[in-house]
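Dear colleague,

Please find below the structure that I am handing over to you.

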Amino acid sequence: MRSVIDILDLSTQEIDELIATAIDIIENPDAYSRKCEGKKLATLFFEPSTRTRLSFEAAMYELGGHVLSVTGAGGSSVSKGESIADTARTVNCYADIIALRHPQEGAALVAAQSVPIPVINAGDGGHCHPTQTLADLLTIHREKGSFDHLTVGVCGDLKFGRTVHSLIGALSRYQDVKFVMISPEELKVPGYVTAALKDRNIPYTETTSLEEALPSLDILYMTRIQRERFDDPALYEALKDSYILTPNKMKLAKQDMCVMHPLPRVNEISVAVDSDPRACYFKQVRNGKYMRMALILKLLREPFAAKPQPELFHHLHCRNPRCITRTEQELRPSFFLTGGKTAPVYRCIYCEHRARE
Ligand code: NCD
């Protein structure tokens, strides 16, 4: 069985199929109400969540299936020091599919490597969040009709913003897409995101000014500055209100620009923007449930071919303190080579950060 850990685990053709299924579910919900009868989804959420967990659970109920749920490390044997691998092996005895959210980067991949059932990454630290991207893609599809020829602004915490990392990966596979990355210097996108864009000659610019970027954008994807990811509370305080989208700033934007946000919002979009017809963030919430229904159906039904594995190297260590390799005892550090022959870089298969050689 195949898992979805990274959005690139799904081909663009599979994404088109998921969108088609989601739209069919929207139009004919009754036809899907017994499709997962007798199946169980385990939602293991070791970080806070409202939308992602509830939409996974609502998705499974609407497919006629059942849900087993763990929320917060305190509610499970993880608080007794159980590893992710052992937790996943245990859950495998009770459930048919797992959705896992965890604060460490690479945790979902470790779970997937440990069990024969599909694992869906519901967010691994500041790394990836592929099902939020599925919600975002359905929203863009419904608003814009296509993923080609878009100028996409991403704004806020681009360093730890896992939704942004997955969205950039997904959209970078379409024609003539440009990215404008708007963030404070301290919160720029990680090197593995820009390296992937450079490798494929995909245009992007980086700026600190939302006002300057706004007029060119077809999509503005706002994100929260994430207090919980900062080691230094003073830095969070200094950066937390870096960007606030207001009706006045919206006057600089195109008439058909979509404002998106994975939510929760804190302060970065003023409530007065909600009534602007360009505000799409509550549509994303609804779309997330349909795309998760389509994904659960697909993963439970189709025996996927395994993704081709790159050659792995094991003689290095990951330099990312938030990587799952730092705590998971039995895990063998593993790296893949990227950047071509001219600038070879070893990256951790769990969190994609560069190796310490
Ligand atoms: C996001 C997340 O958890 O990464 N929310 C979500 O899943 N909809 C964004 C965030 O927490 O800021």
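Two strands are said to pair if DSSP finds at least two bridges between them. Please note that the model is a predicted one.

With that definition in mind, consider strand S10 (residues 312–313) and strand S12 (residues 335–338), which run antiparallel and are joined by two bridges. The two strands count as paired because the cut-off is at least two bridges. Within this pairing, Leu312 has Phe336 of S12 as its bridge partner.

S12 also pairs with strand S13 (residues 345–348), again in the antiparallel sense, and four bridges link them. Here Leu337 is found opposite Tyr346 of S13.

Along the principal axes, the C-alpha atoms fill a box of roughly 55 × 55 × 40 Å.

As to burial, 56% of the 357 residues count as buried. The protein exposes about 15700 Å², of which carbon and sulfur atoms supply 50%. Among contacts between residues at least 6 apart in sequence, 71% join residues at least 24 apart.

Finally, the protein carries 43 positive and 44 negative side chains, and the centres of these two sets lie 1 Å apart.

With kind regards

Notes: Residues numbered from 1 in each chain as written. Predicted model: local features only at pLDDT ≥ 70, side-chain atom pairs only at ≥ 80, totals over all residues. Heavy atoms only, no water. Buried < 20%, exposed > 50% of the residue type's maximum accessible area, 1.4 Å probe, protein only. Contact = heavy atoms within 4.5 Å. Areas by Shrake-Rupley, 256 points an atom, 1.4 Å probe, with all protein chains shown as cover. Lys, Arg positive; Asp, Glu negative; His and termini not counted. Charge placed at Lys NZ, Arg CZ, Asp CG, Glu CD.
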